[in-house]
Amino acid sequence: MGASYHAAGMVLLMAAILALPRIAVAGNPPFSCAPGATQGYAFCDRRLPVEQRAADLVARLSLAEKVSQLGDEAAGVPRLGVPPYKWWSEGLHGLAFWGHGMHFDGAVRAITSFPQVLLTAASFDEKLWYRIGQAIGTEARALYNIGQAEGLTIWSPNVNIFRDPRWGRGQETPGEDPTTASKYGVAFVRGLQGPSPMTLQTSACCKHATAYDLEAWNGVIRYDYKAWVTAQDLADTFNPPFRSCVEEGKASCVMCAYTTVNGVPACASSDLLTKTFKGAWGLNGYVSSDCDAVALMHDSQGYRPTPEDTVAAALTAGLDLNCGNYTQVHGMAAIQQGKMSEHDVDKALRNLFTVRMRLGHFDGDPRGSALYGGLGAGDVCSPAHKALSLEAAQDGIVLLKNDAGILPLSRPAVGSAAVIGHNANDPAALYGNYFGPPCEYTTPLQGIQGYVKNVAFLAGCDSAACGIAATGQAAGLAASSDYVIMFMGLSQRQEQEGLDRVSLLLPGQQQNLITAVASAAKRPVILVLLTGGPVDVTFAKSNPKIGAILWAGYPGQAGGLAIAKVLFGEHNPSGRLPMTWYPEDFTRVPMTDMRMRADPATGYPGRSYRFYKGNTVYKFGDGLSYSKFSRQLVVPSTTGNTDLLAGLTATPAADGGASYVVEEIGADGCEQLKFPAVVEVHNHGPLDGKHSVLMFLRWPNATSGRPVSQLVGFRAQHLRAGEKARLRFDVSPCEHFSWANEDGKKVLGAGSHFLRVGRDEYEIRFEP
């Protein structure tokens with residue numbers, strides 16, 4: 001969002017949690033169409049389609065009243081019984097302080113804080129993602145019912161691709177892979193919006209379309225960044241998560257980004273907003289700008305000469321709502337000057353009021369709703385939601401190194417433990433950005449103290465920046481303790497909205513501190529990294545005195561307990577990295593180079609596991625378990641009706657191969673090509689545990705724009721020690737085997753394709 005914040009602001013917000021009023025009184029929710037109050041208005045007639053009701057309401061508004069609805073703080077219309085409405089609320093991993101629609105100063109003063117999104121994505125579990133979205137939606141609706149919300153439009157999830165490891169907001173996303181981001185978006189949106197498409201629990205908004213992944217780098221800032229993106233990369237990397245959000249998840253909103261894409265601001269692109277979102281994808285909802293994006297098109301980007309021209313450019317392109325008040329301030333003049341028409345405003349308002357009607361805001365008192373009317377204060381921070389936050393943190397934690405099986409720790413064997421690190425006892429390290437007041441929290445230090453009686457703690461660094469390190473003191477403490485657990489990493493002072501990193505190394509003196517402590521310790525130390533984005537910890541990976549490395553992201557309110565449970569074997573780790581961990585020398589690549597594909601001629605290495613050709617610290621999908629799992633891929637001998645391709649013309653490629661255009665295969669043909677694949681999974685023990693199976697596709701080579709490999713799908717399954725399971729994957733070659741050509745058209749290659757699970761492969765051929 002546009003209201004960027006600084007780490008100092010986070011401190012103030014944490015202080016605000018403690019300052020919330022102690023006396024709380026439940027209020028009444030805002031709504032329209034109370035019995036008897038608005039008799040005869042068609043917009044109050046629930047028997048009519050919501051589109052007809054919205055059109056009736058818009059027709060009754062004066063021009064001034066219409067313009068007043070175009071910003072995120074929409075004015076009320078008292079003469080029609082329409083209350084004010086606040087469109088902006090956040091719910092990336094729990095309801096948040098950011099935005100204007102939610103308040104934590106009444107009967108409810110805290111909400112469930114789930115892990116930051118990137119860690120949740122590491123679970124590779126769609127059902128978990130759905131349940132988290134569902135819980136956040138439930139808590140939002142509960143707040144609304146008790147009068148602590150003035151809106152139910154949640155501007156989440158963030159499904160941008162984590163293209164560059166330095167990006168400060170990568171922590172908010174599901175990672176670098178478009179398939180993962182797409183499936184995350186669909187699951188989260190469905191959970192957030194609830195089971196009924198016509199009576200929404202909340203409205204979800206997928207952001208920020210498109211190709212937005214830079215805050216501030218080398219003098220380039222997001223507000224006026226001009227991104228040049230190939231049609232190929234738009235088609236098979238940047239746009240798929242948004243398309244899935246709309247087509248499969250049925251999201252009721254898409255937010256356009258600040259980015260100028262190929263010369264046109266995203267929020268003024270009719271190709272994007274109208275032709276693609278509303279046309280090709282069939283968005284049933286509204287398009288919002290990022291905050292102040294319309295003003296910035298004039299003030300920073302100079303896209304149009306006057307404010308009136310700018311507002312007209314955005315609305316006629318298909319924008320419905322501006323986060324900010326720029327359209328409200330300049331909209332009337334734009335109409336009076338003939339830059340746009342009242343009809344343009346009406347189209348936007350019909351979309352906006354249709355969503356509000358689907359939320360039930362024009363059906364009388366929402367507490368009478370059969371679906372959501374019973375939700376209240378008791379449904380916020382419920383035992384089930386607290387348990388879900390713990391489950392999500394446990395399932396996301398990634399075990400990256402475990403030399404000589406140092407983990408799990410035996411509780412009776414740990415006589416004393418030294419807990420060292422600035423992130424060990426800092427509540428702010430649990431949340432990342434866009435957080436709200438948590439129900440409760442457990443820091444990593446508190447989690448360890450629940451398992452070990454004799455615990456000594458030393459922060460070691462003055463902050464994550466680690467300008468000052470107590471290296472000697474920390475080494476001495478390590479030498480006198482049975483076990484050493486270090487909690488290092490980043491904070492919002494290194495990565496946040498408005499701030500990208502310049503280095504992938506641990507900041508300041510952290511590396512020296514870790515190395516000194518490891519050298520002094522009796523046993524190999526355990527290193528737990530709390531970060532959003534990846535870090536280059538090659539030094540720790542190769543150091544035998546560092547026995548284990550875990551990545552715990554920003555793990556939410558239950559993060560400290562989740563980490564302790566993993567360390568002591570009460571939970572078997574199953575997380576997998578949703579992001580490539582690059583070495584420090586990757587920072588030589590300009591963040592402004594948007595190309596995904598490698599260019600060997602110039603030495604450009606490419607980006608993400610799909611295209612990157614270079615060394616890694618850890619790979620996408622890496623993650624260890626305390627148990628040994630085996631996987632066997634089983635594919636039927638007949639894999640779809642490939643004969644249908646015989647009647648199509650294969651287009652020759654420069655590398656001697658050929659490909660079919662997916663559009664020409666057609667929907668029926670693509671359906672006939674589908675086939676099932678089964679992965680037989682066996683947990684050989686010694687512990688029960690969850691296992692995420694990732695199925696990839698690779699080609700014999702990565703020429704003609706083909707990725708090195710790409711994810712087909714994934715399944716998460718809990719297995720007892722000794723248990724086996726068969727996991728079915730429904731494979732669609734048109735979807736899973738295709739990539740985009742230079743024109744942005746999806747193509748299916750002739751010849752060999754290899755399904756891969758671990759080291760097990762199966763070849764499938766399409767003959768030209």
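Visitor: What should I know about the model before I start?
Guide: It's a predicted model, where local features need pLDDT of at least 70 and side-chain atom pairs count only at pLDDT 80 or more, while totals for chains, interfaces and linings use all residues. Residues are numbered from 1 along each chain as its sequence is written, and side-chain values use heavy atoms, with hydrogens and water left out.

Visitor: OK, what's the mean pLDDT of the protein?
Guide: The mean is 94, and 96% of the residues reach 70 or more. pLDDT is the predictor's confidence in each residue, from 0 to 100.

Visitor: And where does pLDDT stay under 50?
Guide: Over residues 3–25, for which the model has 42 contacts beyond four places in sequence; contact means heavy atoms within 4.5 Å. Where pLDDT is low, the predicted coordinates should not be read in detail.

Visitor: Switching to helices: at what angle do α5 and α6 pack?
Guide: About 35°, with the axes of α5 (residues 126–145) and α6 (residues 178–193) 6 Å apart. Axes are lines fitted to C-alpha atoms, for helices over the stretch in contact, and angles run from 0 to 180 degrees between N-to-C directions. Helices (H or I, at least four residues) and strands (E, at least two) are DSSP runs, numbered from the N terminus.

Visitor: Which residues meet there?
Guide: From α5, they include Trp 129, Tyr 130 and Ile 136, and from α6, Tyr 184, Ala 187 and Phe 188 are among them.

Visitor: Now the sheet with β22. What's the strand order?
Guide: β19-β22-β25, an open sheet of three strands with antiparallel pairing. Two strands pair if DSSP finds at least two bridges between them.

Visitor: Which strands stand at the edges?
Guide: β19 (629–634) and β25 (724–731); each has a single partner strand, so one side of each lacks a neighbour in the sheet.

Visitor: How many bridges does β22 make with β19?
Guide: Six, with β22 covering residues 675–683. Phe 629 sits opposite Asn 683, and Gln 632 has Glu 680 as its bridge partner.

Visitor: And with β25?
Guide: Eight bridges join β22 to β25, and Ala 677 stands opposite Phe 729.

Visitor: Is β22 buried or exposed?
Guide: Seven of its nine residues are buried (under 20% relative accessible area, with exposed over 50% and partly exposed in between; 1.4 Å probe, protein chains only), so β22 is largely enclosed by the rest of the structure.
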